[in-house]
Amino acid sequence: MKLGLFGRPLGHTKSPWIFKALGRKVGKKISYEAVEVAHGHFAVATAWARAMGWRGVNITIPFKLEAANHATLMTPAARVIGAVNVIRFEGKKIIGDNTDAEGLRDALKFAGVRMGGIHVLIFGAGGAARAAGYASAKSGAKTVRFANRTASTAKECVRVLAPHFPKTSFSSGAPRNADIWINATPLGQQGSPDVSPAPKTLRAPVAAVDLVYGKKTAFQRHAERMGARTLDGTAMLVFQALRAYEFWDRPFSAARRAALAEKLIKELS
């Protein structure tokens with residue numbers, strides 16, 4: 001099965017390793033290539049991948065919103081979130097899905113973090129932030145607030161998600177105290193400043209979840225100094241990859257998915 005990843009930059013990515021390791025565990029030969037795509041060349045890259053016989057492609061920063069516009073069809077989750085992190089080629093059709101949301105829900109469940117009835121503060125307003133908001137609301141969060149440098153994009157997250165989750169109160173604006181913090185900004189990633197988006201005036205959350213993986217970021221260090229439990233993005237990365245594989249091939253049982261994730265997370269650590 002020929003697969004790959006489109007994004008920029010990709011020097012830090014662990015996805016090729018994950019899918020090759022997954023292929024060994026499920027007994028399937030997987031070819032996986034990470035391709036840095038230049039601005040304005042997403043459509044060209046997608047046409048190239050199809051011509052090369054790829055089954056599908058993972059999509060990461062900065063193309064998740066563009067991938068949604070490029071898809072012929074989208075799954076319900078991808079339509080609500082408005083961002084696509086995985087596509088599948090079916091003839092002339094491009095089917096888009098978003099496995100970030102379910103991957104985050106899987107990761108939080110795996111870590112024993114309860115989301116029902118709690119208050120969530122999400123830093124960021126891009127595709128990853130929308131997926132985090134979707135995951136939080138679907139898991140029963142009481143409130144979800146988006147804090148972002150550009151107020152209009154944070155308001156757009158609320159506009160997109162709120163109609164689908166009437167039991168969750170969505171808002172945007174300056175950061176407020178919350179039970180769970182989620183860093184869905186690029187801060188801490190390779191090529192971005194390693195500073196915490198959380199103001200020092202906030203009280204400590206119960207847990208701080210960083211979607212950045214593979215390093216101890218300023219966001220994580222900040223939350224730890226306050227006494228909060230911290231989680232990096234490794235578990236989410238693995239679970240969303242498993243969900244993407246299922247989108248390309250066939251579903252795992254929940255038990256099989258969890259067992260594979262546990263092995264991959266341990267090997268990545």
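K28 sits partly exposed here, with a relative accessible area of 30%. Keep in mind that this is a predicted model. K28 has a salt-bridge partner in D249, with 3.0 Å between the closest N and O atoms. D249 is in the loop between α9 and α10 while K28 is in the loop between α1 and β2, so this pair ties together parts 221 residues apart in sequence. D249 is partly exposed too, at 25% relative accessibility. The rest goes by topic.

**Salt bridges**

- Searching the whole structure turns up 13 salt bridges.
- One of them joins the side chains of E267 and K25, at 2.8 Å from N to O. Here again distant parts of the chain get linked: E267 belongs to helix α10 (residues 254–268) and K25 to helix α1, 242 residues apart.
- E267 counts as partly exposed with a relative accessible area of 40%, and K25 is partly exposed at 28%.
- E102 pairs with K138, their closest N and O atoms being 3.1 Å apart. That connects helix α5 to helix α6 (residues 127–138) across 36 residues.
- E102 is at 17% relative accessibility, so it counts as buried, the cut-off being under 20%. K138, by contrast, is partly exposed at 40%.
- E102 and K138 are also part of a salt-bridge network with R105, D106 and R243.

**The mixed sheet**

- Six strands make an open sheet in the order β2-β1-β3-β5-β6-β4, and the pairing is mixed. β2 (31–36) and β4 (73–74) are the edges, each pairing on one side only.
- β4 runs parallel to β6 (residues 93–97), joined by two bridges; L73 has I95 as its bridge partner in β6.
- Helix α9 (residues 234–248) packs on this sheet, touching β1, β3, β5 (86–90) and β6, and its direction makes about 10 degrees with that of β5.
- β5 is mostly covered, with four of its five residues buried.
- β3 and β5 run antiparallel with three bridges between them, and G56 finds its bridge partner in R88 of β5.
- β5 and β6 are antiparallel as well, over five bridges, with F89 bridging to I94 of β6. Their hairpin has two residues between the strands, and G91 takes a positive phi near 65 degrees there.
- Helix α1 (residues 15–26) lies across β1 (2–7), β2 and β3 (56–59), at about 170 degrees to β2.

**The parallel sheet**

- Another open sheet of six strands goes β9-β8-β7-β10-β11-β12, with parallel pairing. Its edge strands are β9 (169–172) and β12 (229–231), and neighbouring strands are turned by 15 degrees on average, direction ignored.
- Helix α5 (residues 100–111) lies across β10 (180–183), β11 (207–210) and β12, at about 140 degrees to β12.

**R145, a buried charge**

- R145 is in strand β8 (residues 143–147). R145 is buried but has no salt bridge, and the nearest side chain of opposite charge, D179, is 13 Å away.
- What R145 does have is a polar contact, side chain to side chain, with S171 at 2.9 Å. The R145 side chain also reaches the backbone oxygen of S172 at 3.3 Å.
- Leaving out residues up to four places away in sequence, R145 touches several others, among them V120, L121, I122 and R176.

Technical notes: Residues are numbered from 1 along each chain as its sequence is written. This is a predicted model: local features need pLDDT of at least 70, side-chain atom pairs count only at pLDDT 80 or more; totals for chains, interfaces and linings use all residues. Side-chain values use heavy atoms; hydrogens and water are left out. Buried means under 20% relative accessible area, exposed over 50%, partly exposed in between (1.4 Å probe, protein chains only). Lys and Arg count as positive and Asp and Glu as negative; His and the chain ends are not counted. A salt bridge is a side-chain nitrogen of Lys or Arg within 4 Å of a carboxyl oxygen of Asp or Glu. A polar contact is a pair of N or O atoms within 3.5 Å; within protein, one must be able to donate a hydrogen and the other to accept it, and residues adjacent in sequence count only if both atoms are side-chain atoms. Contact means heavy atoms within 4.5 Å. Two strands pair if DSSP finds at least two bridges between them. Axes are lines fitted to C-alpha atoms, for helices over the stretch in contact, and angles run from 0 to 180 degrees between N-to-C directions.
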